[in-house]
Amino acid sequence: MSETGRIRVFSGMRPTGLLHLGHLAGALTNWVALQEDHDCFYGIVDWHALMSNYAESENTGSLCLDVLLDWLSVGLDPNKSCIFIQSHVPQHVELFLALSMVTPLGWLYRNPTYKEQIENIQNKDLSTFAFLGYPVLMAADILLYRAEKVPVGEDQSAHMELSRELVRRFNHFFGAGLLPEPQTILTPTPKVPGTDGRKMSKSYNNSLYISESAESMWDKLKVMITDPARERRTDPGEPNKCPVWDIHKVFNHDAAQRAEIEKGCRSAGIGCIDCKKMLNAHIAEMMAPIHERRAKYASDPGALNDILRDGARRAEAVARSTMRDIYPAMGLIVRSDRVA
Ligand code: ADP
């Protein structure tokens, strides 16, 4: 709980590319809602990006700015949330090291995300100390702010469990109640499929990006895969086998129209292009104010700098106060000008 009596929330995203409609539905919409009645800290976690992209790190800074613009454009508000870049708050690295003192290697080697990525990612050498320690840095991100709630997708559940186990072990060595166990807020949105029907992901080249123009979005939507059994306009289709329908369910809030589409698809009363046009209209309407906000912020680099500087200052104030408790608990001397 923060001084304002609001529940403290932390979440982060890696600066690895432009954000897409999957990020919007699966995370950002919830983040925007949370900032109304929670004390939210949202970090652009650039150290985490380097853990897998260290060999091509030169664009990390500009990718941070892309993420910042995407966040602001969808409605994250620096007056309501603390928005910052992870590496601007050095205590993330300090707490990462402090936690790593008591992190058993077995926990990290057993982490299912680690095993899966080591097996599947062939084009990068991920057999590094830092990559193995990815969940320890994630735990540090959360615990530095003593966040009680962490909105994440299901893919992060194992990391969250590891964070909680780490808190218990850390508190066992250094003091009961020193760090709180963070709870997960699972965003109940189904996976948003990409244009090829697989999960929308920038690594599959199948994404509809938040910053993408309406024209370019339509170019992708009109060739998007549909129910593969519906080969001709006159064939009836099955919405439950169609990824375009899955996107309708997330972004088309007109229930009457959705019912018509379902009926029209199954009776071949409407064609796939008709259905896609309706979806495109909903997305374009939703995106218009988002693009307007993005253009406004993109034209004002000074404002972006101010947001990042203020965010880092606010985050660091909280981070310092946590480290002030951690140092003596671990038997270290707190720097004298940081005692109070
Ligand atoms: P990171 O920023 O750690 O690389 P991802 O790019 O995998 O993470 O996505 C961050 C979060 O966005 C995920 O945890 C998930 O909640 C959400 N997300 C990403 N892609 C999709 C998708 N296609 N459908 C729904 N949610 C998604």
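A polar backbone atom of Met200 lies 3.0 Å from a nitrogen atom of the ligand, a polar contact being a pair of N or O atoms within 3.5 Å. Taken alone, the ligand exposes 560 Å², of which the protein buries 84% (Shrake-Rupley accessible areas, 1.4 Å probe). The model is predicted, with local features requiring pLDDT of at least 70 and side-chain atom pairs counted only at pLDDT 80 or more, whereas totals for chains, interfaces and linings use all residues. Residues are numbered from 1 along each chain as its sequence is written, and side-chain values use heavy atoms, with hydrogens and water left out.

The ligand is surrounded by 14 residues, the closest being Arg14, Gly22, His23, Val192 and Met200 (a heavy atom within 4 Å). Four residues of this shell come from H1, the largest contribution.

The second largest pocket holds about 220 Å³ of space. A pocket is an open set of points on a 1 Å grid over the protein atoms alone, where a 1.4 Å probe fits, with protein on both sides within 12 Å along at least five of seven lines; lining residues have an atom within 4 Å of a point. Its lining comprises 14 residues, with Leu24, Ala25, Thr29, Phe251 and Met286 nearest the centre. H1 gives the most to this lining, with five residues (helices are DSSP runs of H or I, at least four residues). Because domain 1 (8-192 + 300-338) and domain 2 (212-295) both contribute lining residues, the second largest pocket lies between them.

Definitions and conventions: Grid points are joined across faces, edges and corners, and a volume is the space filled by probe spheres set on the points. Helices (H or I, at least four residues) and strands (E, at least two) are DSSP runs, numbered from the N terminus. Domain bounds come from an automatic or database domain assignment. A polar contact is a pair of N or O atoms within 3.5 Å; within protein, one must be able to donate a hydrogen and the other to accept it, and residues adjacent in sequence count only if both atoms are side-chain atoms.
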